[in-house]
Amino acid sequence: MVKVDDVKNSLRIDHSMDDKFLEQLIATAESYVVHAVDSQLDKQEYEKYKQFDWAVSLLVQHWYINQQIPDVEHIPFTVTSLIQQLRGSV
């Protein structure tokens, strides 16, 4: 499971002003990945796969870094690749 502190560490954030925002991004990214793979399964089914955590973390980082850029609909290739791997694993 991706935690706020993990994302903050990856992004080199040393304050807590964006913690609530990061929590929202994590929840949204988890939902995004789950629905991109198979929305019929519970999130717990995915949590045993490292690809799930990595895809969520990368997506959160992408959204956080690009929050002022209008092209945030572009999903990084690595996230797409991890989703494809999960489709074959779940």
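Arg12 sits in the loop between α1 and α2. The model is predicted, and in it Arg12 has a positive phi of about 60° although it is not a glycine.

**Arg12 and the end of α1**

- Arg12 follows α1, and its phi is positive, near 60°.
- Most residues other than glycine have a negative phi.
- Arg12 is exposed, with a relative accessible area of 68%.

- Helix α1 spans residues 4-11, and Val4, Val7, Lys8 and Leu11 are buried in it.
- An α-helix has 3.6 residues a turn, so residues three or four places apart point the same way.
- Asp5 and Asn9 lie on the other side of α1 and are exposed.
- The buried residues of α1 are covered by parts of the structure that include α2 (19-37) and α4 (50-65).

**Packing of α2 against α4**

- Two packed helices are described by the angle between their axes and the distance between the axes.
- For α2 and α4 the angle is about 130°, and the axes are 9 Å apart.
- The two helices α2 and α4 are therefore oblique to each other, since an angle counts as roughly antiparallel over 145 degrees and as roughly perpendicular from 65 to 115.
- α2 and α4 cross in a right-handed sense.
- On the α2 side, the contact is made by Phe21, Leu22, Leu25, Ile26, Thr28, Ala29, Glu30, Tyr32, Val33 and Val34. On the α4 side, Phe52, Ala55, Val56, Leu59, Val60, Trp63 and Tyr64 take part.
- By class, the residues of the contact of α2 with α4 are 15 nonpolar, one polar and one charged.

**Packing of α4 against α5**

- Helix α5 comprises residues 77-89 and packs with α4 at an angle of about 155°, with the axes 9 Å apart.
- α4 and α5 are therefore roughly antiparallel to each other, because angles over 145 degrees count as such.
- The crossing of α4 and α5 is left-handed.
- α4 contributes Gln51, Phe52, Trp54, Ala55, Leu58 and Leu59 to the contact, and α5 contributes Thr78, Val79, Leu82, Gln85 and Leu86.
- The contact of α4 with α5 has eight nonpolar and three polar residues, and no charged ones.
- Phe52, Ala55 and Leu59 of α4 are among the residues in contact with α2, and they are also among those in contact with α5.

**Val90, after α5**

- Val90 belongs to the segment after α5.
- With a relative accessible area of 38%, Val90 is partly exposed.
- Leaving aside neighbours within four places in sequence, Val90 is in contact with Val37, Leu41, Tyr46 and Tyr49.
- Val90 and Val2 are 88 residues apart in sequence, and their C-alpha atoms are 19 Å apart in space.

**Gln67, between α4 and α5**

- Gln67 is placed in the loop between α4 and α5.
- Gln67 is partly exposed, at a relative accessible area of 39%.
- Gln67 and Tyr46 are 21 residues apart along the chain, and their C-alpha atoms are separated by 26 Å.

How values were computed
Residues numbered from 1 in each chain as written. Predicted model: local features only at pLDDT ≥ 70, side-chain atom pairs only at ≥ 80, totals over all residues. Heavy atoms only, no water. Buried < 20%, exposed > 50% of the residue type's maximum accessible area, 1.4 Å probe, protein only. Helix = DSSP H or I, 4+ residues; strand = E, 2+ residues; numbered from the N terminus. Contact = heavy atoms within 4.5 Å. Axes fitted to C-alpha atoms, helices over the stretch in contact; angles between N-to-C directions. Parallel < 35°, antiparallel > 145°, perpendicular 65-115°, else oblique. Left-handed = near helix turned anticlockwise from the far one by under 90°. Nonpolar A, V, L, I, M, F, W, Y, C, P; charged D, E, K, R; others polar.
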